[in-house]
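Colleague: I'm new to this one and would like to learn how to read it. Could you take me through it feature by feature?

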Amino acid sequence: MPFIIGHEIGHLMLGDSGIAYWPSFSGQNSEEEEADLFSLKIIYDYSCKNGDYIQEPGTFMQNYGIPERMATATKQLFKDNDDLM
């Protein structure tokens with residue numbers, strides 16, 4: 001549920017022109033992808049600010065309901081943040 005809520009907030013915050021529904025995720029448009037990334041980032045930031053220092057992307061995805069289609073982006077987010085430390 002957290003990911004879905006963050007995704008929809010992403011549409012609002014990013015000023016999307018509307019939601020386009022496609023028959024499959026392979027047909028997902030850029031507005032959907034941007035909303036997905038927005039959700040991932042706000043959940044990650046929330047997690048860090050609240051002391052939830054999950055070190056493994058898979059555990060993070062499972063705990064916050066991040067869909068499998070976001071696995072690559074989640075791994076990259078963890079890698080990018082590890083590089084900053």
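Colleague: Let's begin with charges: which side chains meet Lys41 or Asp45 in a salt bridge?

Modeller: Side chains of opposite charge can pair when their charged atoms come close. The cut-off for a salt bridge is a side-chain nitrogen of Lys or Arg within 4 Å of a carboxyl oxygen of Asp or Glu. Here Lys41 and Asp45 pair with each other, at 2.9 Å from N to O. Both sit in helix 2, 4 residues apart, about one turn of the helix. Helices here are DSSP runs (H or I, at least four residues; strands are E, at least two), numbered from the N terminus. One caution: this is a predicted model, in which local features need pLDDT of at least 70 and side-chain atom pairs pLDDT 80 or more, while totals for chains, interfaces and linings use all residues. Residues are numbered from 1 along each chain as its sequence is written, and side-chain values use heavy atoms, leaving out hydrogens and water.

Colleague: Are Lys41 and Asp45 buried, exposed or partly exposed?

Modeller: Buried means under 20% relative accessible area, exposed over 50%, and partly exposed in between (1.4 Å probe, protein chains only). Lys41 is partly exposed because its value is 38%, and Asp45 is partly exposed at 27%.

Colleague: How many salt bridges does a search of the whole structure find?

Modeller: There are 2. In the one between Asp36 and Arg69, the closest N and O atoms are 3.2 Å apart. This pair links distant parts of the chain, with Asp36 in helix 2 (residues 30–49) and Arg69 in the loop between helix 3 and helix 4, 33 residues apart. Asp36 counts as buried because its relative accessibility is 2%, whereas Arg69 is partly exposed at 36%.

Colleague: What about polar contacts: which side chains does His11 join?

Modeller: A polar contact is a pair of N or O atoms within 3.5 Å; within protein, one must be able to donate a hydrogen and the other to accept it, and residues adjacent in sequence count only if both atoms are side-chain atoms. The side chain of His11 has such a contact with His7 at 3.0 Å and another with Glu32 at 3.3 Å. His11 belongs to helix 1 and is buried, at 7%. Its C-alpha atom is 8.1 Å from that of Glu34, 23 residues apart along the chain.

Colleague: What does the side chain of Asn81 reach?

Modeller: The backbone oxygen of Leu77, at 2.8 Å. Asn81 lies in helix 4 (residues 71–84) and counts as buried at 17%.

Colleague: And how do I read the sides of a helix?

Modeller: An α-helix has 3.6 residues a turn, so residues three or four places apart point the same way. In helix 3 (residues 57–64), the buried residues are Pro57, Phe60, Met61 and Tyr64. They cover an arc of only 100 degrees around the axis (taken from the directions from the helix axis to the C-beta atoms), so they are on the same side of helix 3. At the start of helix 3, a side-chain oxygen of Glu56 comes to within 2.9 Å of the backbone nitrogen of Gly58. After helix 3 comes Gly65, with a positive phi near 70 degrees.
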